[in-house]
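Please look over the fold of this protein chain, part by part.

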Amino acid sequence: MKIIETNTLLQALGVKITRLKILAPAIAKKASPGQFIALMVSENGERIPLTIVESDIEKGTITLIVQEIGLSTKLLGAMKEGESLYSLVGPLGHATEIKNYGKIIVIGGGVGIAEIYPVARGFKAAGNRVEAILGARTKDLLILEGELRKVSDDVKIATDDGSYGRKGFVTDILKEAFTQHPASSAEYGLVYAVGPIPMMKAVSSVTKGFGVKTLVSLNALMVDATGMCGGCRVTVGGKVKFTCVDGPEFDAQGVDWEELEKRNRVYEDKEKHICKLKNIK
Ligand SMILES: Cc1cc2nc3c(=O)[nH]c(=O)nc-3n(C[C@H](O)[C@H](O)[C@H](O)COP(=O)(O)OP(=O)(O)OC[C@H]3O[C@@H](n4cnc5c(N)ncnc54)[C@H](O)[C@@H]3O)c2cc1C
Ligand code: FES
C-alpha cells in the first residue's frame, strides 16, 4: 500500500491528473483489464474506486491515474512517495472479456483515456485491429496519447476547440468510421467507451443506430465497492445492477443514463461543504 512513485501527468486549465505507482503485489498478480481497486487515503476518509491502469507482477506494483475532482482525489493527489494508503482492496469488478473480435474501436474521453488503455492493450494482444478515438476539451488536457499509439493500429483525436486533431466530438469521428463506405459499421465487432456520462451516452446512441455491440465502464458512485450498500445501483436493460459487483462494464444500449447522472450528483453539496471546511480547493 506504499506509494512508490507519484508524478503529475497533467496540470492545466484547473485540471490536475496524477499517476501513482503503488506497492500491492497480491493485487498486481491478479489484476486483469477492466478491473479496479477501492482505496482509502486516511482512516476518516471515504473509499473511492479507481481503474488499475497497469500492473507489474515482478515489481509487485499497480499504476493508478487519478483526476482530482473532489475531496478524496485531491487528498490522494497530494500524497508523497513513501507514504502509505490507509486501505486498498482489489482487484474488483469483472474483468473485460478479452477475445478476438477482428476489428474494434476504443473511445476515451478525459481521464477515461486512462481507463481504456489497459483494455486496448488487452484487445491488441488478443490479435484485434484496435482503433482508438481520444477526446479532450483542448490539446493541453489530452493524456496518454503515446501509450495509446503503442497499443493501437490507428489513433484519432477530437478536441472541442480544434486545438489538436479534429475539431468536434469523438462521436463525429465514430460516425465517419461507420460511414466511410456502406459496409463499414458491420466490420466492427465492438465499441468500448469510457469517459464522462454525456460522452458515453452519445456514443451509445450512435452505435445503436448502426447495431454495433458497445460496452461502457460506468463511473457510478461507490461506498463499500463490494456489493453490500447499493450505492452504485444502476439500471441496465430494465434490471437493477450494482456497478461494483455486476460491472463496471455494461451493454451501453441498456443503461438508464438519466438515472446514473442524477445519482452521481447526490453528494455534490456535501463534498463541496467538506472541501470548504478543510480549505481544500
Ligand atoms: C469503476 C470505477 C473506476 C474509476 N476509475 C477512475 C480512474 O481510473 N481515474 C479517475 O480519475 N477516476 C476514476 N473513477 C472516478 C472516481 O472514483 C471519482 O472521481 C472519485 O470517487 C471522486 O471522489 P472525490 O471525493 O474526489 O470527489 P467527490 O467530491 O465525491 O465528487 C466531486 C464531483 O464529482 C462527481 N463525481 C464523484 N464521483 C464520480 C464518479 N464516480 N463519476 C462521475 N462523477 C463523479 C460528484 O458528483 C461531484 O460533482 C472511477 C470510478 C469507478 C466507479
Ligand atoms: S458500492 Fe456498495 S453495492 Fe456497489
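## Terms and model

Helices and strands here are DSSP runs, numbered from the N terminus; a helix has at least four residues and a strand at least two. Leu144, for instance, is found in the loop between β9 and α4 (145-151). The model is predicted.

## Two domains

The protein chain is divided into domain 1 (3-92) and domain 2 (103-217). Taken over C-alpha atoms, the centres of domain 1 and domain 2 are separated by 24 Å.

The two domains touch. On one side are 14 residues of domain 1, in contact with 12 residues of domain 2. Strands β1, β2 and β6 each supply at least two residues of the side of domain 1 that touches domain 2. Strand β1 gives the most to that side, with three residues. By class, the side of domain 1 that touches domain 2 has 10 nonpolar, three polar and one charged residues.

## The four-stranded sheet

Four strands form an open sheet in the order β1-β2-β6-β5, with antiparallel pairing. Strands β1 (3-12) and β5 stand at the edges. Each has a single partner strand, so one side of each is left without a neighbour in the sheet. The twist averages 15° from one strand to the next.

Strand β6 (residues 61-67) is mostly covered, with six of its seven residues buried. On one side β6 pairs with β2 (residues 15-23), antiparallel, over seven bridges. Leu23 has Thr61 as its bridge partner in β6, and Ile17 stands opposite Gln67 of β6. Strand β6 also pairs with β5 (residues 54-56), again in the antiparallel sense, over three bridges. Here Glu54 has Thr63 as its bridge partner in β6. The hairpin of β5 and β6 has four residues between the strands, and Gly60 takes a positive phi near 70° in this hairpin.

## The three-stranded sheet

A further open sheet has three strands in the order β4-β3-β7, paired antiparallel. Strands β4 (48-51) and β7 (87-92) stand at the edges. Each has a single partner strand, so one side of each lacks a neighbour in the sheet. Neighbouring strands of this sheet are turned by 25° against each other on average, direction ignored.

Strand β3 (residues 36-40) is joined to β4 by four bridges, and the two run antiparallel. One of the pairs is Leu39 with its bridge partner Ile48 in β4.

Strand β9 is mostly covered: seven of its eight residues are buried. Strands β8 and β9 pair in the parallel sense over seven bridges. In this pairing, Ile104 stands opposite Val130 of β9.

Which residues of helix α5 (residues 170-179) are buried? They are Val170, Thr171, Ile173, Leu174 and Ala177. Seen down the axis of α5, these buried residues fall within an arc of 155°, so they line one face of the helix. They pack against β8 (103-109), β9 (129-136), β10 (154-159), β11 (166-167) and α6 (197-210).

Gly168 lies in the loop between β11 and α5. Gly168 counts as partly exposed, because 14 C-beta neighbours lie inside 10 Å. Gly168 and Gly135 are 33 residues apart along the chain, and their C-alpha atoms are separated by 8.8 Å.

## Backbone features to check

Most residues other than glycine have a negative phi, and most peptide bonds are trans. Some sites in this model depart from that pattern.

Leu13 has a positive phi of about 50° although it is not a glycine. Leu13 is found in the loop between β1 and β2. With 10 C-beta neighbours inside 10 Å, Leu13 counts as exposed. Leu144 has a positive phi of about 55°, and Leu144 is not a glycine either. Is Leu144 buried or exposed? Leu144 is buried, because 23 other C-beta atoms lie within 10 Å.

The peptide bond from Gly90 to Pro91 is cis, with omega near -5°. Pro91 lies in strand β7. The peptide bond from Gly247 to Pro248 is also cis, with omega near 10°. Pro248 has its place in the loop between α7 (243-246) and β16 (249-251).

Conventions: Residues numbered from 1 in each chain as written. Chains lettered and ligands numbered in written order. Predicted model: local features only at pLDDT ≥ 70, side-chain atom pairs only at ≥ 80, totals over all residues. Buried ≥ 20, exposed ≤ 12 C-beta atoms within 10 Å, placed from the backbone. Pairing = 2+ DSSP bridges. Arc of directions from axis to C-beta. Contact = placed C-beta atoms within 7 Å. Axes fitted to C-alpha atoms, helices over the stretch in contact; angles between N-to-C directions. Domains from an automatic or database assignment. Nonpolar A, V, L, I, M, F, W, Y, C, P; charged D, E, K, R; others polar.
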